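Reader: I am new to this structure. Please walk me through how to read it.

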Amino acid sequence: MDANLEVKEECTTSFNQLKMDKTLRYIIYKIDNESAVTLEKSAAPEASFQDFLNDLKKDEPRFVVYDFPFKSRDNLDMSKLIFIHWSPDDAPARGKMLYASSKENLKRRFVGIYKEVQACSMADLDHEEISESLR
């Protein structure tokens with residue numbers, strides 16, 4: 001499996017919209033035909049964390065960049081960019097291996113990611129735990 005898959009231009013463009021323009025809340029990326037990383041879904045800034053969980057495929061790996069809002073220790077509203085590597089336990093092994101071997105190539109294109117979250121189950125995507133890790 002090739003870890004240097006093509007990353008479609010739409011992936012970088014959407015990331016820059018999220019990071020610089022703040023016109024998106026999250027972006028879900030997928031690998032198409034074992035050959036290219038493409039944009040699967042993006043969500044408007046008003047989208048909730050529950051919307052994100054509903055949009056995530058429960059049995060297929062994905063990459064996600066999320067502009068994650070949280071309260072700081074001083075109770076200030078903040079947000080940080082997080083990269084989520086979603087690799088559910090029930091996903092086929094071949095797909096999980098492909099995503100794992102492609103992750104670093106994609107992340108290198110996304111300058112400004114504050115934290116990476118590795119998630120294998122919905123329990124790993126607990127909003128409060130992620131918020132706490134960003135404080």
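Reader: How many aromatic pairs does the structure hold?

Author: A pair of aromatic rings is described by the distance of the centres and the angle of the planes. Rings of Phe, Tyr and Trp (its six-membered ring) pair if their centres lie within 6.5 Å; planes under 30 degrees apart count as stacked, over 60 as edge-to-face and the rest as tilted. Here there are eleven aromatic pairs. This is a predicted model: local features need pLDDT of at least 70, side-chain atom pairs count only at pLDDT 80 or more, and totals for chains, interfaces and linings use all residues. Residues are numbered from 1 along each chain as its sequence is written, and side-chain values use heavy atoms, leaving out hydrogens and water.

Reader: What kind of pair do Phe52 and Tyr66 form?

Author: Phe52 and Tyr66 are edge-to-face, at 5.3 Å centre to centre with 75 degrees between the planes. Phe52 lies in helix α2 (residues 49-55) and Tyr66 in strand β4, 14 residues apart. Helices (H or I, at least four residues) and strands (E, at least two) are DSSP runs, numbered from the N terminus.

Reader: Is Phe52 buried or exposed?

Author: Buried means under 20% relative accessible area, exposed over 50%, partly exposed in between (1.4 Å probe, protein chains only). Phe52 is buried, at 0%. Tyr66 is buried too, at 2%.

Reader: Why is the pair of Phe63 and Phe83 called tilted?

Author: Their planes stand at 35 degrees, with ring centres 5.7 Å apart, so the pair is tilted. Phe63 belongs to strand β4 and Phe83 to strand β5, 20 residues apart. Phe63 is buried, at 0% relative accessibility. Phe83 is also buried, at 0%.

Reader: Which residues do ring pairs link into a cluster?

Author: The cluster holds Tyr26, Phe49, Phe52, Tyr66 and Phe68.

Reader: What is the order of the strands in the open sheet?

Author: Two strands pair if DSSP finds at least two bridges between them. The six strands run β1-β3-β2-β4-β5-β6, with mixed pairing. β1 (6-7) and β6 (115-119) stand at the edges with a single partner strand each, so one side of each has no neighbour in the sheet. Strands β2 (residues 26-32) and β3 (residues 36-43) pair in the antiparallel sense, over seven bridges. Asp32 has Ala36 in β3 as its bridge partner.

Reader: Where does the charged end of Lys80 sit?

Author: A charge sits over a ring if NZ of Lys or CZ of Arg is within 6 Å of the ring centre and within 35 degrees of the ring normal. The charged end of Lys80 sits over the ring of Tyr114, 4.5 Å from its centre.
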